[in-house]
Amino acid sequence: MKASRPLLAAVLILLIIAFFALGLADYLSFGYLKSQHAAITGYFHTHPLRLALIYGAIYIAVTGLSLPGATVLTLAGGAIFGVWWGLLIVSFASSIGATLAFLAARFLFRDTVQQRVGDSLGAVNRGIERDGALYLLALRLVPLFPFFFVNLVMGLTPIGLTTFYTVSQLGMLPGTWVFVNAGTQLAQLKSANELLSPSLLTAFVLLGLFPLLAKRVISVIKSRRALRGYPRPTRFDRNLIVIGAGSAGLVSAYIAAAVRAKVTLIEKNKMGGECLNTGCVPSKALIRSARFVAQISCAEELGIRRASAEIHFADIMARVQRTIATVAPHDSVERYTRLGVDCMHGEARVVSPWAVEINGRTLTTRGIVIATGSHPQIPPLPGLDHIDYLTSDSVWQLRELPKRLLVLGGGPIGCELAQSFARLGSRVTLVQRADRLLNREDPEFSAMVMDRFNDEAVDVRVGYRAVEFLQSSNGTALVCEYGGTRVTLEFDRVLLALGRSANISGYGLEALGIHANEHGKLDVDDYLQTRIPTIYACGDVAGPYLFTHAAAHQAWYATVNALFGIFRRFQADYSVIPWCTFTDPEVARVGLNEQEARARNIPYEVTTFDIDDLDRAIADEEAYGRVKVLTVPGKDRILGVTIAGAHAGDTIAEFVSAMRHGIGLNKILQTIHIYPTFAEANKYVAGAWKRAHAPQQLLRLLARYHSWRRK
């Protein structure tokens, strides 16, 4: 298939060159048509079918090759065949020719364009897949847009062939009729430009706007239909009610209060949600204590002969709770009340598109934001019901260090907690069904974490499928399947770290027809709106990213759209979402990595810098890790970055900003970085890219120049 592309391109180019070289364009001019009108009409009377076939073939060839002359040919259709036969012939010939041009552009260029700028075209592709017919119809109805250009551009998009042909035939009919009808009066026309009067152009523009206006009308009708049957309050108690006081809910309430909306924030558990109470804050506090223990064990590397620590696990967990208590005022009822948010504690239930029940009261509101978060996934494994298992929510209640801890799941949560407990003295076994840890990252970074785990005596079992839990003579055991055999792993406590599921049930959403999508999240559109136009969702409950910072990012869109959507709505932007797994080494990423780029057939170049060459890392005895940057081939535009090493979560921030604002590696190389810091690694990887793209011929000329200067 790819081999035939150059041949087709060569044939098309030769045909276009021949068209102009042989002067065929002169035969498709308005003047030539008028001069030959009588002769062509006479031929039509003697050979009507033959002329119709010749005319149709010429029209198809001209439009298929995107040559000039379609306007004159359309006039000729009316002049020769009359209005109705002319309209019929031109309609089919123009649609067939347009489809051939569409197919040629798709065959020759679409894969290349999508591979090179597919990320930038993501929103366009989604819009075309969803509403491509409407957009194409709008373009076809307005003769201001050159039809040959529309044919070629649409060929680069995901719009279907049948849709393109059908919409083109219907959309070009009004303009075709105008030109064919004018062709019947050819003798009175002095030039083709007389057809496009300001009034006619205005009429076409209004006609072109019709599909888009129709889409808006349909959206309004669908919204009203979704709201039908629910009594609309005559007045509203609130502008916005936010359900859930985790990261997404807190930011939503904060934004609403900042723009002086009357907002109520409802939480049934603790303010701060999972992040503050059972997620980010406690896990990072535990990781810090565990890292300190690991650093003491490496004291000799820093020139310290003897160092030791007496570990009391209960004290460490008390510190974790103290850390939560210290951060808690940032998310407290008192703070948000001062900001102007009405905070309520209790179980919220959405009873209509404009009403929420809470503690026996019914509050009416213009809009509702669902930010109810997520909970740990519990696998349906036999025997699990008889075990006092731990999750990332309940592990913080431990006060006694498990002697043998089994961690089920090798994703970010499982890896972070497995390493921390191992460093504090547990014998940790980590079971991962996939063939490596952190399998969303490139294999080399998974291997770095795996090597560190092996050094720290974490027993990693990759490729093990959990089958059932059993009671054994030495406690409890997990039976796994590995390589066709069964393996029994004994433990004292088990920690389930298999991901999280959205909190959807119990809020009255099902009664309103708001259900989960195929990913188990609330089904929302690009504006974070559910099927009920007054109800939005953000954070873990909506996905696709289950990060605190992603939830806060979504909250802006959900809140602004809920409050100001009648004026303008904003599509949620996921183009630059960073994240970090806080193992040692940390693994941070933004944008594409290599395995994703290959899976999506996106061309890329790889540039790396190994952190073991970084002066600050050497001084800190943390000389391990790597910076890996994917760029557009031959250009410094960044497609994605992965960093493994100490402080990777902080170091990657420069690349996040660069991608968000279109800054390439050349600009990073030109930026002064403090010496010695870990951030210098960003400059060095940019330098590695620059060296790989150095102009070798120019450098050879410069070498000769300097040699001449020395003589």
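Let me begin with Thr 581, which is found in strand E18, where strands (E, at least two residues) and helices (H or I, at least four) are DSSP runs numbered from the N terminus. What we have here is a predicted model, in which local features need pLDDT of at least 70 and side-chain atom pairs count only at pLDDT 80 or more, while totals for chains, interfaces and linings use all residues. Residues are numbered from 1 along each chain as its sequence is written, and side-chain values use heavy atoms, with hydrogens and water left out.

Is Thr 581 buried or exposed? With a relative accessibility of 2%, Thr 581 counts as buried, a term that means under 20% relative accessible area, with exposed being over 50% and partly exposed in between, for a 1.4 Å probe and protein chains only. If we leave aside neighbours within four places in sequence, Thr 581 is in contact (heavy atoms within 4.5 Å) with Pro 412, Glu 416, Leu 438, Glu 586 and Val 587.

Just after H23, Gly 662 takes a positive phi of about 70°.

Turning to the aromatic residues, the structure holds 16 aromatic pairs. Rings of Phe, Tyr and Trp (its six-membered ring) pair if their centres lie within 6.5 Å, and planes under 30 degrees apart count as stacked, over 60 as edge-to-face and the rest as tilted. The pair of Phe 19 and Phe 20 is edge-to-face, because the ring centres are 5.1 Å apart and the planes stand at 90°. Of these two, Phe 19 counts as buried at 7% relative accessibility, whereas Phe 20, at 47%, is partly exposed.

By contrast, Phe 102 and Phe 164 are stacked, because their ring centres are 4.1 Å apart and their planes are at 15°. Phe 102 lies in helix H6 (residues 83-117) and Phe 164 in helix H9 (residues 161-171), so this pair ties together parts that are 62 residues apart in sequence. Both Phe 102 and Phe 164 are buried.
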